[in-house]
Amino acid sequence: ILPTALDIPDIQSIAIPLQEEDGPYGMKGVGEITINGAFPAVANALARVCKTRISSGPLTAEKVLAAISRNEVGKNR
């Protein structure tokens, strides 16, 4: 049986005072690290397949099509 979110016990978050200047209220974040991996992986896959690089998110269809169009225009010159 695969565990689900219902199997996780209640988690109590305790803030420990730090002097971290980059974080809110002097705290450090840890949850943000897990959301950063997908964008570079997808952007690199697009760069390889479409021969164009997009360096800012989100990767919308409009952005991808515009980047491919710019790349095609550059090849025809």
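Which backbone oxygen does the side chain of Lys51 reach?

1. This is a predicted model, in which local features need pLDDT of at least 70 and side-chain atom pairs count only at pLDDT 80 or more, while totals for chains, interfaces and linings use all residues. Residues are numbered from 1 along each chain as its sequence is written, and side-chain values use heavy atoms, with hydrogens and water left out.

2. The chain holds two helices and zero strands, where helices (H or I, at least four residues) and strands (E, at least two) are DSSP runs numbered from the N terminus. Of its 77 residues, 13% count as buried, a term for under 20% relative accessible area, against over 50% for exposed and in between for partly exposed (1.4 Å probe, protein chains only).

3. Among contacts (heavy atoms within 4.5 Å) with a separation of 6 or more, residues 24 or more positions apart account for 0%.

4. Lys51 is found in the loop between H1 and H2, and its side chain reaches the backbone oxygen of Arg48 at 3.0 Å, which answers the opening question. Lys51 counts as exposed because its relative accessibility is 53%; leaving aside neighbours within four places in sequence, Lys51 is in contact with Leu46 and Asn71.

5. Thr52 lies in the loop between helix H1 (38-50) and helix H2 (61-76), and Thr52 is buried because its relative accessible area is 15%. The side chain of Thr52 reaches the backbone oxygen of Ala67 at 3.4 Å, and, not counting residues up to four places away in sequence, Thr52 touches Leu46, Ala47, Ala67, Ile68 and Asn71.

Key. A polar contact is a pair of N or O atoms within 3.5 Å; within protein, one must be able to donate a hydrogen and the other to accept it, and residues adjacent in sequence count only if both atoms are side-chain atoms.
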